[in-house]
Amino acid sequence: MESDTTWPSEWLRGVLGVCVLRILMDGPTYGYEISTRLEASGLGAVKGGTLYPLLGRLEEAGWVEVEWRPGEGGPGRKYYALTDDGRAEATTQATRWARFSDTIRSLTDPLVNTRKA
């Protein structure tokens, strides 16, 4: 993935929830670490004004629980962890996203393959 790729914001809005759920499948973590992992995966920088409202919606849905943990020599952090329902939802969304992605690729791959020829 090219590091200078900027994805259209409407694409990111569509995929960000499933990506955050996937990251949380690895265990509890805090917002900055989630943002760092999203960027490292190739999605680009995700601002707090986008990420934290999403985490709030995931919490309201019952998929994420929040815990404040004291910081080591610094301020405390808000950690996010999947609930049992959240783990099930992460799997469901990942499965649905894979099917959706396959559908989109069936439409777009002929264009990409034409350009390479």
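Okay, the largest pocket: 15 residues line it, and Trp7, Trp11, Trp97, Ser101 and Ile104 lie nearest its centre. By pocket I mean an open set of points on a 1 Å grid over the protein atoms alone, where a 1.4 Å probe fits, with protein on both sides within 12 Å along at least five of seven lines; a lining residue has an atom within 4 Å of a point. The elements giving two or more residues to that lining are α1 (9-24), α2 (31-43) and α4 (84-116). Which element gives the most? That's α4, with seven residues. The space in there is about 600 Å³, counted as what's filled by probe spheres set on the points, with points joined across faces, edges and corners.

Keep in mind that this is a predicted model, so local features need pLDDT of at least 70 and side-chain atom pairs 80 or more, while totals for chains, interfaces and linings use all residues. Numbering runs from 1 along each chain as its sequence is written, and side-chain values use heavy atoms, leaving out hydrogens and water.

Now the whole chain. We've got four helices and three strands, in the order α-β-α-α-β-β-α; those are DSSP runs numbered from the N terminus, H or I of at least four residues for helices, E of at least two for strands. The C-alpha atoms fill a box of roughly 55 × 30 × 20 Å along the principal axes.

How much is buried? Of the 117 residues, 27%, with buried meaning under 20% relative accessible area (1.4 Å probe, protein chains only).

Terms used. Buried means under 20% relative accessible area, exposed over 50%, partly exposed in between (1.4 Å probe, protein chains only).
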